[in-house]
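Visitor: Hello! Could you show me around this structure?

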Amino acid sequence: MTELQAEQGAQALDGPHPQAKTRRNREVLIALAVFVVLALLPAVFSSKLLLDFVIRCAAYGLFATSLNLLVGYTGLISFGHGMFFGLGAYGFGLMMQKTGVPIPVAFAATLTITFVVALIIGAICVRLKEIYFAFVTLAFQMLIHSTILSWVSLTGGDQGLRGGIPRPPFFGIDLSNQLHLYVASCALLVIGLFLMHQIAQSPFGYTLRMIRDNAIRASFIGIDVWRAKLTIFVLAALFASTGGIIMALFVSGAYPEFAYWTISGEGIFINMLGGVTTFLGPMVGAVLLLILNDTVTRLTDYHGLVLGIVILFFAIGLRKGLMDFVVEWYAQRRNSAGERG
Amino acid sequence: MTRTRKPGVSRRATLAMMGAGAVTFATPRVARAQAKTIKVGMPTILSGRVAQLGTSSRNGVMLEVEKVNAAGGLAGRQIEMVIRDSKGQPQEAARVARELVNTDGCEILIDAEASSGAFAVHEVARDLGVLCLHTNSETSALTADPKQHIPNAFRTARQGVHDSIVGGSYAAAIAKTKGLKKWATCSPDYAYGRDTTGEYVTYLKRFAPDVEIISESWPKLFQPDYTEVVTKILQAKPQALYTCLWGGDLTSYIDQANIYALFSQMEVFAVNMADYTALTVVKNLPKGIHSGNRYIKTYPATPENAAWGDAYKAKYGEYPTNWSWENATAIMLLAEAAKKANSADGKKIAEALRGLTIKSPFGADGTVTMRAEDQTLVGYAIGWGTTIPQEPYVPQVQAGDWKTIFELEAEWKKSKGYT
């Protein structure tokens with residue numbers, strides 16, 4: 001919430017000619033402040049539930065926000081974004097199980113693998129538009145999912161990576177300690193969101209919006225649309241993969257469900273809940289979905305029904321995500337206040 | 001621009017509400033003191049295609065928990081079950097298991113998850129050190145693989161390799177007397193189907209070396225239409241067919257194969273047939289299907305087993321499943337171990353569980369044992385028989401020999417590099 005309010009303030013103050021550098025400095029400060037607040041939470045609340053919750057929020061938040069870079073900013077509706085979540089989880093898990101390299105090395109290597117895979121898949125997919133793009137990404141996702149299922153000797157098939165992921169300490173950080181994992185997840189989340197926000201606010205980010213609104217016009221003024229789309233596809237994959245790594249660390253394993261289409265579906269669901277027109281919409285959506293999921297499964301076995309009604313409420317009732325609604329409501333309030341004043 | 005107080009929720013009120021929300025959220029609902037009750041957490045699948053796994057597991061557990069509580073509970077502490085749905089997703093299973101222990105204050109976990117979910121909960125048990133009883137996963141590696149072994153996790157379910165050994169030797173005996181040489185297999189395309197079929201064929205060939213597999217089919221899990229598979233098998237003209245399809249898949253398969261009169265053209269061995277989930281659902285149960293027992297109240301043919309099955313039916317309006325007895329056994333073992341340890345402490349119960357033999361309606365000789373070396377259940381009723389279309393469905397069950405099972409299991413472990 002702090003970041004959200006601060007950001008709205010920042011946007012309002014920036015005016016029509018934002019000083020890019022001061023704004024970036026301010027964002028660094030906000031990101032640091034958010035991280036400090038998150039990191040101090042366990043000192044205030046001793047609940048382990050809260051730690052688990054925030055770790056999962058970090059995984060889903062990174063995943064959903066990176067999906068929004070494609071869906072909301074570029075207009076690429078990917079139905080297969082979950083493959084990179086799964087790839088991150090499996091890449092990292094396998095690296096730690098088979099090679100025993102230090103965690104930062106495995107982390108970097110996993111991102112490298114994701115980079116290569118996303119580059120290949122992206123090069124094929126981003127040529128296509130709309131529903132064709134959606135379905136080809138879905139097809140690649142199922143390809144990766146099937147590969148995980150059938151390559152039993154490497155991945156353990158549908159039983160997943162068994163035996164736990166070893167987490168040797170590095171630089172004094174022991175990720176098998178829940179508190180350390182919590183702080184590390186918060187750090188990854190804040191850094192990830194900060195980087196993605198920089199991408200969204202950069203000239204490249206505005207190029208993406210232009211491609212979304214009118215790709216032909218963009219190419220007429222000399223933008224290489226294919227290259228821009230491919231770049232954001234690969235970047236988004238890297239953040240989704242980071243989300244997968246956090247999830248793998250949390251459950252100490254990787255399972256084929258992480259690369260299944262339902263994960264991509266959840267990503268879209270989160271985006272619908274939170275809204276795609278604001279940067280923080282998916283993050284809010286992720287928190288919302290996880291709260292809903294956790295409380296509803298506690299109370300009833302018919303959680304599918306409840307979640308379905310909620311999404312119907314958002315889709316038909318509000319016709320937008322929660323953040324879209326909040327932002328509009330806030331703008332209206334300001335306007336009416338201005339008129340009265 | 002002057003700002004006046006506007007109707008609606010004020011910023012202060014919003015902040016206060018957020019604060020209140022945060023506090024409610026973060027306060028542990030349960031103080032984890034030495035309460036009089038002992039909470040036992042149970043993540044399982046209560047929604048989706050295999051919801052029956054969760055509901056019949058829950059029934060099996062509750063039936064026994066009531067008895068234990070009526071008799072004074074675990075070392076004087078009443079058991080309170082906290083049962084939650086994981087939707088069959090491993091990450092949810094892990095989350096729910098952690099939540100049960102960390103927030104709800106559960107001191108013991110009954111892991112009623114299937115396949116990958118069980119491994120996810122196993123990692124939680126490794127991480128938190130909480131006593132954990134796996135009740136539904138039959139994947140041999142869960143307990144046989146020393147890499148998986150942790151002192152606080154036990155399995156009270158069947159084990160895949162036991163079934164294969166008994167099934168293989170039973171089938172080989174029939175293959176020899178009836179001269180069945182050409183075999184086909186038809187099993188669901190996932191780890192359980194592939195592994196179980198592979199092991200079964202291994203033991204079948206070991207006992208009857210001239211058997212030959214002439215056709216293999218791998219329908220998808222939860223496939224609705226089996227016409228293609230049925231016609232493929234009929235064209236191959238095998239003398240016998242093995243299948244480890246289960247539940248709704250098995251009943252759909254039988255209903256569809258009946259149309260082609262498949263069962264009159266070959267001997268069929270269906271390991272998962274003798275479970276009420278399949279027996280009572282098939283429209284026209286063919287006579288003479290060979291099946292392993294999962295749960296039927298007539299085998300073991302003891303009054304205790306029949307009484308247990310009837311009590312379950314009286315309470316829940318349906319017969320128990322294989323999952324029911326496996327989960328009931330977990331509670332029976334816990335109760336005995338707590339009595340022996342005279343404590344409800346997880347570590348002491350774990351110590352008492354190792355090597356514990358208890359009287360059980362599901363035992364081959366009236367008892368089951370928690371084997372100390374790999375902390376998995378042995379001595380349970382395991383056998384094969386043939387079906388008839390009405391109750392008792394499988395009248396004659398030929399018991400498997402646990403001595404042979406132990407010998408071959410040890411050999412199998414060696415071949416896998418587990419010992």
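Guide: Welcome! Domain bounds here come from an automatic or database domain assignment. This is a predicted model, where local features need pLDDT of at least 70 and side-chain atom pairs pLDDT 80 or more, while totals for chains, interfaces and linings use all residues. Residues are numbered from 1 along each chain as its sequence is written, and chains are lettered from A in the order written.

Visitor: How far apart do the C-alpha centres of domain 1 and domain 2 of chain B lie?

Guide: In chain B, domain 1 covers 37–158 + 304–378 and domain 2 covers 161–300 + 381–416. The distance between their C-alpha centres is 27 Å.

Visitor: Which element gives the largest share of the side of domain 1 of chain B that touches domain 2 of chain B?

Guide: Residues are in contact if their C-beta atoms, placed from the backbone, lie within 7 Å. Domain 1 of chain B brings 20 residues to this contact and domain 2 of chain B brings 19. Helices are DSSP runs (H or I, at least four residues), numbered from the N terminus. The largest share on the domain 1 side, 4 residues, belongs to α11(B).

Visitor: How are α12(B) and α13(B) oriented to each other?

Guide: For helix α12 (residues 322–341) and helix α13 (residues 346–353) of chain B, the axes come within 8 Å and cross at roughly 100°. Angles of 65 to 115 degrees count as roughly perpendicular. Therefore α12(B) and α13(B) are roughly perpendicular.

How values were computed: Axes are lines fitted to C-alpha atoms, for helices over the stretch in contact, and angles run from 0 to 180 degrees between N-to-C directions. Helices (H or I, at least four residues) and strands (E, at least two) are DSSP runs, numbered from the N terminus. Angles under 35 degrees count as roughly parallel, over 145 as roughly antiparallel, 65 to 115 as roughly perpendicular and the rest as oblique. Two residues are in contact if their C-beta atoms, placed from the backbone, lie within 7 Å.
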